[in-house]
Amino acid sequence: MRVATDIGGTFTDLVYIKKNGEFGIAKDHTTPGRYERGILNAIQKSGISPGEIDMFIHGSTVVINTLTERKGVKVGLITTQGMRDVLEIARGNRPDLYNFKYKKPKPFVERHLRLEVAERLNYKGEVLVELHESDLKRAIEYFRQEGVEAIAIVFLHSYKNPIHEQMAKAYIQKHWPEVYVTASFEVSKEWREYERTNTTVLNSYVKPIATEYINNLKIELENIHIDGTKYIMQSNGGSTTFEHAKNDPIQMVESGPVAGIYGAKVLGELIGEKNMIAFDIGGTTAKCSLIHQSEVKITTDYYIEKTDTNAGYPIKAPVVDIVEIGNGGGSIAWIDELGSLQVGPQSAGAYPGPVAYGLGGESPTTTDAHLVTGRLSPKNFDYDVDMEKVKQVMKEQVSALFQVSTEEGALGIIQIANSNMLNALRLISVRKGYDPSEFAMIAYGGGGSMHAAVLGRELGVKKVIIPVSSAVFSAWGMLQTDLRRDYIQTYVEPFEQLDLQKLNHKWKEIESVAAEEFMEEGMEAGSILFTRYLDMRYAGQEHSVKVPVPNGDWSNENRQEIIEKFHELHKQHYTFKLPDTDTEIVNIHVTGFGQVDKISPREIDMASKRQNPILEVRDVYFEQEGWLPTNVYAREYLGTDTVIQGPAIIEEKQTSTVLYPGQTLTVDKYGNLIIETGV
């Protein structure tokens with residue numbers, strides 16, 4: 001049996017699947033501070049026997065939470081002489097040139113904890129100045145006095161030759177074995193000193209926290225006799241072992257959300273949809289990503305805390321190309337200084353949660369708005385919902401201020417949340433040169449099915465898919481993931497004059513190292529698969545494009561095919577191409593997969609479906625329509641080829657699906673809900 005757990009801001013999800021395709025779910029409240037307790041609660045709630053679990057996969061928010069809440073450890077940075085202030089200098093760019101509210105990001109390492117040592121390589125990786133160990137000795141003594149718990153080592157041009165970083169790390173571990181150490185070559189072999197330095201610092205900042213968390217989780221799992229293989233989800237859409245995750249925790253920065261995107265890819269292949277927009281709405285955030293021709297997009301240009309007034313912090317690690325905004329079921333509605341209604345990014349979280357939870361929440365949230373408009377039923381909550389209290393808070397804090405009815409105020413909250421989410425969906429589709437009408441949207445998370453039908457229509461998507469157990473779909477996605485490692489290395493060369501024999505040797509060298517690492521983790525050679533990419537640009541250009549390239553040894557014919565592919569991708573990304581301009585490589589990128597057997601979901605059993613799946617008829621408040629009598633269906637009673645005309649509500653234990661007037665919903669053989677949006 002495989003089990004996956006996913007910790008969100010509000011709930012901890014669990015999905016298990018047996019070899020015959022049978023699966024089950026459980027959902028329990030997240031337990032901040034002791035996240036492993038929420039996992040154990042979910043395992044207990046599921047009723048499964050821990051001894052039956054032979055594969056355990058986990059997605060965690062511990063890294064991103066540690067970064068955003070500034071709860072990491074004190075870090076010391078050791079860098080090349082003259083490079084002490086690279087974190088302060090950064091890129092000198094502003095998200096908006098004319099925004100006078102801009103604030104320069106504050107480095108995670110104070111200046112007095114950034115120390116220089118004598119050493120130097122040139123851009124070719126050749127040693128110009130040998131490493132001075134006496135400088136390292138002084139740095140260690142100073143860091144001890146300052147109470148430093150982790151050290152980041154970043155030397156100039158070490159992406160080309162890590163010899164001095166290797167020597168420095170060995171020296172520190174010998175003379176101060178208790179301290180946590182990260183050298184930049186371990187987390188990134190790409191150029192760009194600021195991004196590489198920041199990534200290394202952030203890895204050191206979270207490393208002790210992540211190590212303690214993973215160790216505690218491992219102990220708790222072993223205490224209940226879960227002795228099978230244990231993996232953790234990475235930001236690149238693959239999984240890795242607990243031990244590897246402790247050494248390189250920055251790879252877990254988007255551990256949970258990306259699992260759903262990979263799950264969307266797998267489900268899309270199963271039902272014949274190669275182009276998908278994955279859309280995940282949880283209690284705190286909404287995330288979206290685009291899958292084109294069954295390929296999940298990966299980027300190393302990832303930022304945390306990037307806003308209109310903040311340049312954010314770059315992380316030079318492979319992350320699924322995802323857009324995330326602070327809008328979810330727990331997002332709080334509030335009035336800004338200009339008197340306008342806003343929704344999020346503040347969230348009521350798991351505690352006190354929305355007003356509906358009755359745990360002390362005093363601010364209206366998106367969930368409360370869905371209750372007031374009839375889209376959610378009080379009977380579908382774990383708590384006794386005081387609807388009068390919910391309506392009172394909605395009226396006092398929203399509706400009365402704008403002199404509208406209570407339901408209009410609640411609908412306003414939903415519409416503003418939808419507007420925020422629509423902007424995010426456009427960023428990953430229209431803004432990147434894709435036509436949404438050529439894609440299906442798969443919506444999941446606790447709130448995905450609440451918003452997807454109207455957002456799909458507004459975006460221009462013709463079909464929306466609500467998967468089985470959509471509220472825990474990210475955890476289901478983890479069950480389908482392979483082990484994955486990305487090997488990215490800066491390799492600046494003119495492509496037209498490139499020595500193909502030299503590059504062929506480089507590909508084989510990287511793949512050999514990757515295969516050895518996978519086999520050390522128990523993978524058989526026959527289960528290891530590689531894909532290759534080049535980051536390419538026009539000569540003299542700043543930005544690059546990631547180009548899929550063939551495996552095996554290359555010939556001049558391959559060279560020309562790759563150049564043509566680059567031109568087309570550049571036109572898609574930047575609206576133009578320069579066919580007479582020389583091209584060059586920036587990075588070479590190998591992705592290694594340790595493949596696991598995929599388990600397809602079982603087809604639903606028609607015999608178990610009830611003749612009349614309608615639970616009730618209740619009034620629901622819709623845009624432009626007002627209150628409409630609406631059939632409410634129990635999803636568990638819907639059989640294959642069921643057809644439902646909107647308006648309708650399809651309820652399940654963890655969420656509800658809202659079908660708008662004029663839309664049609666059918667059920668496929670796996671139990672997925674397929675909505676024709678009316679576009």
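This is a predicted model: local features need pLDDT of at least 70, side-chain atom pairs count only at pLDDT 80 or more; totals for chains, interfaces and linings use all residues.
Author: Residues are numbered from 1 along each chain as its sequence is written, and side-chain values use heavy atoms, with hydrogens and water left out.

Reader: Why is the pair W507 and W554 called tilted?

Author: Rings of Phe, Tyr and Trp (its six-membered ring) pair if their centres lie within 6.5 Å; planes under 30 degrees apart are stacked, over 60 edge-to-face, and the rest tilted. There are 12 aromatic pairs by this rule. The ring centres of W507 and W554 are 5.7 Å apart and the planes stand at 55 degrees, so the pair is tilted.

Reader: What makes this pair a tie between parts of the chain?

Author: W507 belongs to helix α15 (residues 500-520) and W554 to the loop between β27 (545-549) and α16 (556-574), so the pair ties together parts that are 47 residues apart in sequence. Helices (H or I, at least four residues) and strands (E, at least two) are DSSP runs, numbered from the N terminus. Both W507 and W554 are buried. Elsewhere, F108, Y205 and Y313 form one aromatic cluster.

Reader: Is K598 buried, partly exposed or exposed, and what decides the class?

Author: Buried means under 20% relative accessible area, exposed over 50%, and partly exposed in between (1.4 Å probe, protein chains only). K598 has 39% relative accessibility, so the residue counts as partly exposed. K598 is placed in the loop between β28 (583-594) and β29 (614-622). The C-alpha atoms of K598 and V266 are separated by 9.0 Å, and the two residues are 332 residues apart along the chain.

Reader: What makes helix α13 mostly covered?

Author: In α13 (residues 448-459), 10 of the 12 residues are buried. Among them are M450, H451, V454 and L459. G460 follows α13 and has a positive phi, near 105 degrees.

Reader: How do you know that the buried residues of α5 line one face?

Author: These residues are H164, E165, A168, K169, Y171 and I172. Seen down the axis of α5, they fall within an arc of 160 degrees, so they line one face of the helix. The arc is that of the directions from the helix axis to the C-beta atoms. Helix α5 (residues 163-175) has 13 residues and reaches 19 Å from its first C-alpha to its last, close to the 18 Å expected at 1.5 Å a residue; the expected span is 1.5 Å times one less than the number of residues.

Reader: What makes a space a cavity, and how many are there of 30 Å³ or more?

Author: On a 1 Å grid over the protein atoms alone, a cavity is a set of points where a 1.4 Å probe fits but cannot get out; a pocket is an open set with protein on both sides within 12 Å along at least five of seven lines, and lining residues have an atom within 4 Å of a point. Three cavities of 30 Å³ or more are counted. The largest has a volume of about 110 Å³, and its lining includes F23, W476 and R602. The second largest cavity has a volume of about 50 Å³.

Reader: Which residues are closest to the centre of the second largest pocket?

Author: The second largest pocket holds about 910 Å³ of space. Of its 37 lining residues, F185, E186, K189, Y487 and E517 are the closest to its centre.

Note on methods. Grid points are joined across faces, edges and corners, and a volume is the space filled by probe spheres set on the points.
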